[in-house]
Number of protein chains: 2
Amino acid sequence: MKKYSRQREAILDVLCSTDTHPTANWVYDRVRETIPNISLGTVYRNLSALSEEGRVISVSVGDGYEHFDGNDSLHAHFYCKKCGKITDVALENDYLAEAIRKNGFTPDSSVYIVRGVCGECNAKEKN
Amino acid sequence: MKKYSRQREAILDVLCSTDTHPTANWVYDRVRETIPNISLGTVYRNLSALSEEGRVISVSVGDGYEHFDGNDSLHAHFYCKKCGKITDVALENDYLAEAIRKNGFTPDSSVYIVRGVCGECNAKEKN
DNA sequence: CCCAAATCAGTAATGATTACTATTTTATTA
DNA sequence: TAATAAAATAGTAATCATTACTGATTTGGG
């Protein structure tokens, strides 16, 4: 049976109070402000549990780290290859999950990642 | 300047002649049938280069491995949490890249991943 | 053919993530 | 509220997919 834990709650809080897409280590640093002796393993274990439950999304953009996202609204992620920034882009309808469903699958969470170069980096390029 | 390499060509061939989503190691094993002394590092380097060029897509489903996909048609990936199988689901329109573009970004490649349980595993569940 | 840049094979190193264990916390039952 | 079992934790050690390094080989332009 799943039990409450102060650590898990704190981790979820940190994730839900940022619009960035932090790594486990970043979350670790933030949670330590509240629970100084929390262990990095605890952060990993809970991020993984929260992700399994679907309360959090795990986003892999290919920079060598797993990123986590507590934003539960429907959105896609734009990853800029130049600056590494991940930006949320809101979506109106979940066309893809719909298409998946039509093909006989039962989806429970989605990660949409688009790679490219962001406007800011494109501008810099022209110098 | 980018130069031709027999190794890179063989790696791309392997990726384009399967509808699975292999890991670097699987590709390595397959390419060794043709080029027995190819190095695993070479496979990694070229997969990464091909992915950078957009000739190949890198798909992270959260099983601890990076998966690669040589299928260049527009599709989403359904990842079954139970059996680990990754299935391609064809898409008609790239709504998401479109939404991204409307937000001022310049996309160049997309990875759409939907997690859930596949029909087969759902059926097994009921026994 | 010659040269410089690119790529390679083989091997060593890295570091994000996971596993392990003794201890602490949680929730249930009496 | 005390006793108890299951779940979770802190701290540390281990794993292993991926990357970095190096000296040899290949590629392509002049």
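Modeller: A nonpolar core is a set of buried residues such as Val, Ile, Phe and Tyr, joined through side-chain atoms within 4.5 Å. Buried means under 20% relative accessible area. Keep in mind that this model is predicted.

Biologist: Which residues have the most contacts inside the largest nonpolar core?
Modeller: That core has 30 residues, and the ones to look for are Phe78, Ile100 and Tyr112, in chain A and in chain B. Strand E3 (75-80), helix H4 (95-102) and strand E5 (106-117) of both chains each give two or more residues to this core.

Biologist: Is E5(B) largely enclosed or open?
Modeller: Count its buried residues: they are 10 of 12, so E5(B) is largely enclosed by the rest of the structure.

Biologist: How do I read the strand pairing, and in which sense do E5(A) and E5(B) pair?
Modeller: Look for bridges between two strands. E5(A) and E5(B) run antiparallel over 11 bridges, and Tyr112(A) has Tyr112(B) as its bridge partner there. With E3(B), strand E5(B) pairs in the parallel sense over four bridges; His77(B) is bridged to Ile113(B).

Biologist: What about open space: how many residues line the largest pocket?
Modeller: There are 46, with Ser51(A), Ile57(A), Ser58(A), Glu66(A) and Val111(A) nearest the centre. The pocket holds about 940 Å³ of space. E5(A) supplies the largest share of the lining, seven residues. By class, the lining has 16 nonpolar, 17 polar and 13 charged residues.

Conventions:
Residues are numbered from 1 along each chain as its sequence is written. Chains are lettered from A and ligands numbered from 1 in the order in which they are written. This is a predicted model: local features need pLDDT of at least 70, side-chain atom pairs count only at pLDDT 80 or more; totals for chains, interfaces and linings use all residues. Side-chain values use heavy atoms; hydrogens and water are left out. Buried means under 20% relative accessible area, exposed over 50%, partly exposed in between (1.4 Å probe, protein chains only). On a 1 Å grid over the protein atoms alone, a cavity is a set of points where a 1.4 Å probe fits but cannot get out, and a pocket is an open set with protein on both sides within 12 Å along at least five of seven lines; lining residues have an atom within 4 Å of a point. Grid points are joined across faces, edges and corners, and a volume is the space filled by probe spheres set on the points. Ala, Val, Leu, Ile, Met, Phe, Trp, Tyr, Cys and Pro count as nonpolar, Asp, Glu, Lys and Arg as charged, and the others, Gly among them, as polar.
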